[in-house]
Amino acid sequence: MARHHNSPSRHAGDSELPDWALLNEQLLQFAAIIAVAAIVASLGIFSVEWYKRRSLPFCDSYGEVTGSCISCPDEGKCWKGILECLPGFVRQGKSCKKDKQMDWSTQVLADFIQLHVCRIHGQSLCKGAGTIWLTLVEILQEMKQAGIQRQLGIDHDAFMLAFDEAVDLTKKILIFKETNNGMQELQCPVHLVGKYKPFFCRFRGWMGKNYVPLIIITSLVYLMAKLLSHIYYQRKLSARAEQLYLQVCEALEQRATMKDHQGETWVIASKLRDHLLKPSERRDSSLWRQVELMLQKDSRVDQYPKLVKGEPKVVWEWQVEGTLQSPSLQRS
C-alpha cells in the first residue's frame with residue numbers, strides 16, 4: 001500500500017529530465033549535421049575550383065593574365081595554353097622545377113673555370129710574365145676544345161645556361177672585371193694561385209724563401225754524417241787491426257816455439273803483411289800502420305833490419321824466453 005502512494009510523485013519527477021536530455025541531444029545532432037554538411041560543401045567547392053584550375057590552359061607569356069587561364073611560370077614559356085620549361089628546368093604539374101642534372105653540370109663547369117683560370121695564372125707567374133686575365137670567350141673556347149658539353153651529355157642551350165650560372169658562382173671566388181669594350185674577364189686571386197702553380201715552381205719558390213736555414217741544416221747534417229761515418233770507420237779499422245795483430249803474434253810465436261822447426265825464427269814483416277791482408281785492405285796503409293804500432297809496443301816482439309838475399313828488409317822475431325804460450329798453441 002505504501003508503495004502505491006509513493007509511485008505517482010516519483011514518476012512525475014522523472015518525466016521532466018528525459019525531455020531536457022532529449023532536447024540537448026537533438027540540438028547536438030543538428031549542429032553536427034550542419035557542420036558535416038558545411039565541410040562537405042567546402043570540399044566540394046574546393047575540388048570543383050581545383051579541377052577547373054587544373055583544366056585551365058596557360059596564359060601566353062606575353063599576353064594578359066585573365067581568369068580563364070593560368071599565369072605562365074617564370075621558368076617556362078607558354079604559347080597557346082601549352083607550357084614549355086626553359087633549359088635546365090623540368091615540368092612538375094603546373095610548374096617548372098630546377099633540374100638536378102643542371103645543378104651538377106653547373107658545378108662541374110664552375111670547377112673547370114676556377115681550375116683553368118688559376119692554372120694559367122700560376123704558370124704565368126712561374127715564368128715571370130706577371131698577372132694574367134682570361135676572357136669568358138677564351139674560357140668557353142677552352143671548354144669546347146676539352147669536350148665538356150659532350151661529357152656532360154646536355155644540349156647547347158642547357159650548356160650555355162649552365163655556363164652562365166657557373167660564371168655567377170665563380171664571381172664569388174675569382175676576381176671579375178668588365179673592360180671598356182664590354183669584355184668580361186676573370187683572374188685568380190693571390191691566396192689561391194699559389195696552390196695551382198707547377199710543383200717545380202712552388203719548390204723553387206720555397207727554396208728561394210728558405211735557402212739560408214736550408215744551407216745551415218744541410219751543412220749540419222753533412223758534418224754529422226761525416227763524423228758518424230769517420231767514427232764507424234775508425235772502430236771498424238781498430239777492430240780489424242787488433243785481429244791482425246793477434247794473427248801476427250800467433251804466427252811469430254808459432255814459428256819461434258815450433259819444436260821440429262829448422263831454420264830462422266824471424267819473419268819478414270812485408271811478407272807477413274801480404275799474407276794476412278786481403279787485396280781490398282792493401283790500398284789503405286793506415287790499417288797495417290796500426291798493426292805495426294801495436295807490435296812496437298809489444299815487448300815480446302823484436303823488430304830490426306836485416307839483409308835478406310842482398311836486400312834490406314825489416315824482420316820480426318818472437319822472444320821465446322820469459323813469454324807465455326798462447327792458448328791456441330797450448331791446445332796444439
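Predicted model: local features only at pLDDT ≥ 70, side-chain atom pairs only at ≥ 80, totals over all residues.
Residues are numbered from 1 along each chain as its sequence is written, and side-chain values use heavy atoms, leaving out hydrogens and water. Local features need pLDDT of at least 70 and side-chain atom pairs count only at pLDDT 80 or more, while totals for chains, interfaces and linings use all residues.

**View 1. The largest pocket and its lining.** Look for A251, L252, R255, E264, W266, V267, I268, K271, L272, H275 and V308, which line this pocket. Lining residues have an atom within 4 Å of a pocket point; a pocket is an open set of points on a 1 Å grid where a 1.4 Å probe fits, with protein on both sides within 12 Å along at least five of seven lines. Helix 9 (211-257), strand 8 (266-268) and helix 10 (269-276) each give at least two lining residues; helices (H or I, at least four residues) and strands (E, at least two) are DSSP runs, numbered from the N terminus.

**View 2. A nonpolar surface patch.** Y211, V212, I215, I216 and L220 make up this patch. Y211 belongs to helix 9.

**View 3. P305 in strand 9.** You can find P305 in strand 9, which covers residues 301-308. P305 is exposed because its relative accessible area is 69%, and exposed means over 50% (1.4 Å probe, protein chains only).

Key:
Patch = residues over 30% accessible without salt bridge, like charges linked within 9 Å, V, L, I, M, F, W, Y side chains within 5 Å. Areas by Shrake-Rupley, 256 points an atom, 1.4 Å probe, with all protein chains shown as cover. Salt bridge = Lys/Arg side-chain N within 4 Å of Asp/Glu carboxyl O. Buried < 20%, exposed > 50% of the residue type's maximum accessible area, 1.4 Å probe, protein only.
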